[in-house]
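Okay, everyone, thanks for coming.

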Amino acid sequence: MSTDTPDNPIAHVLVVDDDPALRALLLEYLGANDLRVTAVADGGAMMAAFASEAIDLVVLDLRLPGEDGMELARRLRARAEVPIVLLTGKAEEADRVMGLELGADDYVTKPFSPRELLARIRTILRRSRLAARALAEMPLREERRRAFRFAGWELNLRTRRLQAPDGHLVELSNQEFNLLVAFCGAPQRVLSRDQLLGLSRLNNAEVYDRTVDVQVLRLRRKIEADAFHPKLIVTERGAGYRFDSVVQTLV
């Protein structure tokens, strides 16, 4: 069992599920695997837990009786950048897609193996910590930034709008916006796929690095003259990607 220290903190996982047997199982299993676990049955208790304690990750059942799991996920995402793992049923594909679009990090389909859930939780927590370290190394904190300007483009962080060199607005998905912010915040630096997953909060439903490659290609199609011969988002083979542009930060 790991010891909770400032240099090696034990992550606090909040489980939100109305099934008492499942809550008891996850309390025991995750708790026995170096995680601190709080388990609650509904959205009210979930928000109360956030008001009283620091939460590092939420495991949220989308089918809570009498409550809209999507609305709870939306409230969570509006409140904090805490990672979210959704628990869904086999027939709830539309819910899974919508949940990921809302900003959830992953999902597990019921019935599931606690071992699989633990592996996904550890992966997400590891990426979150990598992202936190990378953000700490950046010279200017996000709250002081108004916009980024690069190669004639301007990305407004407050309105979440991207203006092309010719003045027209380019629509970005949440993932594309977050990915571009990550690149602009670290120009000329090689960012690994793990760092980009954490910094940009890319959906990672299958927990594989190809997710980053797909999102990078989509972003290239919007900001590169030729997405297949990119000048801005450059691939560093075996290492990740580098944003090859001078970036001006507007405050």
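What I'm showing is a predicted model, where local features need pLDDT of at least 70, side-chain atom pairs count only at pLDDT 80 or more, and totals for chains, interfaces and linings use all residues. Residues are numbered from 1 along each chain as its sequence is written, and side-chain values use heavy atoms, with hydrogens and water left out.

So what do we need to describe two rings? A pair of aromatic rings is described by the distance of the centres and the angle of the planes. Here, rings of Phe, Tyr and Trp (its six-membered ring) pair if their centres lie within 6.5 Å; planes under 30 degrees apart are stacked, over 60 edge-to-face, and the rest tilted.

The structure holds three aromatic pairs. One of them is Phe150 with Trp153, a stacked pair with 6.5 Å from centre to centre and 10 degrees between the planes. Then there's Phe150 with Phe243: the centres are 5.2 Å apart and the planes sit at 75 degrees, so this pair is edge-to-face. Phe150 is in strand β6 and Phe243 in strand β12, so the pair ties together parts 93 residues apart in sequence. Quick note on those labels: helices (H or I, at least four residues) and strands (E, at least two) are DSSP runs, numbered from the N terminus.

Phe150 comes out at 1%, so it counts as buried, and Phe243 is buried at 0%. Trp153 is buried as well.

Now zoom out to the nonpolar core, meaning a set of buried Ala, Val, Leu, Ile, Met, Phe, Trp, Tyr and Cys residues joined through side-chain atoms within 4.5 Å. The largest one has 30 residues, and Leu180, Phe183 and Phe243 touch the most other members. Several elements supply at least two residues each, including β6, α6 and β12. Which gives the most? That's α6, with seven residues.

Take Leu180: leaving aside residues up to four places away in sequence, Leu180 touches Phe150, Leu155, Leu162, Leu172, Leu219, Ile223 and Phe243. A contact, by the way, means heavy atoms within 4.5 Å. Apart from this core lies another, with 22 residues, among them Leu14, Ala49, Ile55 and Ala73.

Next, the sheet. Three strands make an open, antiparallel sheet in the order β10-β12-β11; strands pair if DSSP finds at least two bridges between them. At the edges are β10 (190–191) and β11 (233–236), each pairing on one side only. Four bridges join β11 to β12, and Glu236 stands opposite Gly240 in β12. Lying across β10, β11 and β12 is α6, at about 70 degrees to β12. For that angle, axes are lines fitted to C-alpha atoms, for helices over the stretch in contact, and angles run from 0 to 180 degrees between N-to-C directions.

The peptide bond from Lys110 to Pro111 is cis, with omega near -10 degrees, and Pro111 lies in the loop between β5 and α5. Asp34 isn't a glycine, yet its phi is positive, near 65 degrees. Asp34 is in the loop between α1 and β2.

That's my tour; over to you.

Notes:
Buried means under 20% relative accessible area, exposed over 50%, partly exposed in between (1.4 Å probe, protein chains only).
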